[in-house]
Amino acid sequence: MLKDRWLLLALMAPAGIFFVTFFLLPLGRLFLVSGQGELGWAVYQHALFEPRYWRSLLSTVTLALVTTVTTLVISGLAGVFLARNRFAGREVLTAMLTLPLAFPGVVIGFMIIMLGGRQGLIPELSDALGLGRAVFAYSMVGLFVGYVYFSIPRTILTIMAAAEKLDPRLEEAARSLGASPLRVVRDVIVPALRPALFAAGAICFATAMGAFGTAFTLATKINVLPMVIYTEFTLQANIAMAAALSFVLGLITWAALALARTLAGGTVVAAA
């Protein structure tokens with residue numbers, strides 16, 4: 001028994017060392033640095049209640065939530081469809097939907113500029129139609145489009161895997177009892193996919209909260225928290241505030257992940 005315990009500790013040692021070295025120590029150092037500025041530990045009060053920082057935090061959380069909901073709707077519909085149907089070109093379509101996984105944020109930001117920038121495709125088309133130049137790349141709208149674009153691959157594969165395990169007899173039973181297609185989706189498919197939706201949504205939310213490359217490419221004045229942290233650290237040399245904002249951002253993201261894990265509950269309903 002004692003031998004097994006030592007063996008278990010030996011197997012867990014690499015993971016423990018990695019966790020302490022690359023998580024606990026940097027996080028602890030970040031927390032200590034945040035309290036070493038002119039404001040001391042009151043820096044957290046300023047980070048949460050100073051209007052400029054509060055608006056940035058609110059904008060970041062709102063953008064992440066809207067991105068998550070939009071991504072889950074798109075990925076949910078596409079994921080269930082791809083999991084249930086076999087047709088020519090299905091693998092190619094799936095590969096195209098997951099292609100953005102290979103793109104860094106800077107590349108996605110550049111693509112949004114090509115789409116909605118001053119010389120982009122959509123402004124050119126809207127101008128040709130007499131609607132004026134619809135430039136949106138350098139705003140929260142452009143950032144939202146970019147976030148949705150790189151979030152879809154991170155969610156659709158999870159939903160597809162869960163949808164393939166659903167028991168089709170549950171849907172057949174609901175239809176035989178007179179349930180409409182909308183009610184089948186609402187009362188059967190969505191509850192069965194709930195763990196996958198929460199898991200995918202948590203990843204999407206966490207990614208949107210901390211994404212930096214896309215926002216930096218589109219505009220340095222976009223009011224999201226990663227850009228504010230970058231500005232405080234590089235332009236203002238306010239390292240304590242940058243550390244405090246980073247810590248707050250990490251806590252919110254961790255809380256969202258923990259909440260999603262709690263709400264997800266059990267496993268996805270699988271075929272017998």
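The expected span of a helix is 1.5 Å times one less than its number of residues. In this predicted model, helix H13 has 26 residues and runs 37 Å from its first C-alpha to its last, close to the expected 38 Å.

**The largest nonpolar core**
- This core holds 34 residues, and Leu 143, Tyr 147, Val 224 and Leu 245 touch the most other members.
- Several helices each supply at least two of its residues, among them H3 (51–84), H7 (140–163), H10 (194–210) and H13 (239–264).
- Leaving aside residues up to four places away in sequence, Leu 143 touches Leu 63, Ala 137, Thr 214, Ala 215, Leu 218, Ile 222 and Val 224.
- Another core, of nine residues, lies apart from the largest one and includes Val 80, Ala 83, Ile 189 and Leu 193.
- In soluble globular proteins, nonpolar side chains tend to be buried together.

**Buried residues of H13**
- The buried residues of H13 include Ala 240, Met 241, Leu 245, Phe 247, Val 248 and Leu 249.
- Further along H13, Thr 253, Ala 260 and Ala 264 are buried too.

**Gln 36**
- Gln 36 sits in the loop that joins helix H1 (2–34) to H2.
- Gln 36 counts as exposed because its relative accessibility is 55%, and exposed means over 50%.
- From the C-alpha of Gln 36 to that of Arg 183 the separation is 56 Å, and the two residues are 147 residues apart along the chain.

Conventions
Residues are numbered from 1 along each chain as its sequence is written. This is a predicted model: local features need pLDDT of at least 70, side-chain atom pairs count only at pLDDT 80 or more; totals for chains, interfaces and linings use all residues. Side-chain values use heavy atoms; hydrogens and water are left out. A nonpolar core is a set of buried Ala, Val, Leu, Ile, Met, Phe, Trp, Tyr and Cys residues joined through side-chain atoms within 4.5 Å. Buried means under 20% relative accessible area, exposed over 50%, partly exposed in between (1.4 Å probe, protein chains only). Helices (H or I, at least four residues) and strands (E, at least two) are DSSP runs, numbered from the N terminus. Contact means heavy atoms within 4.5 Å.
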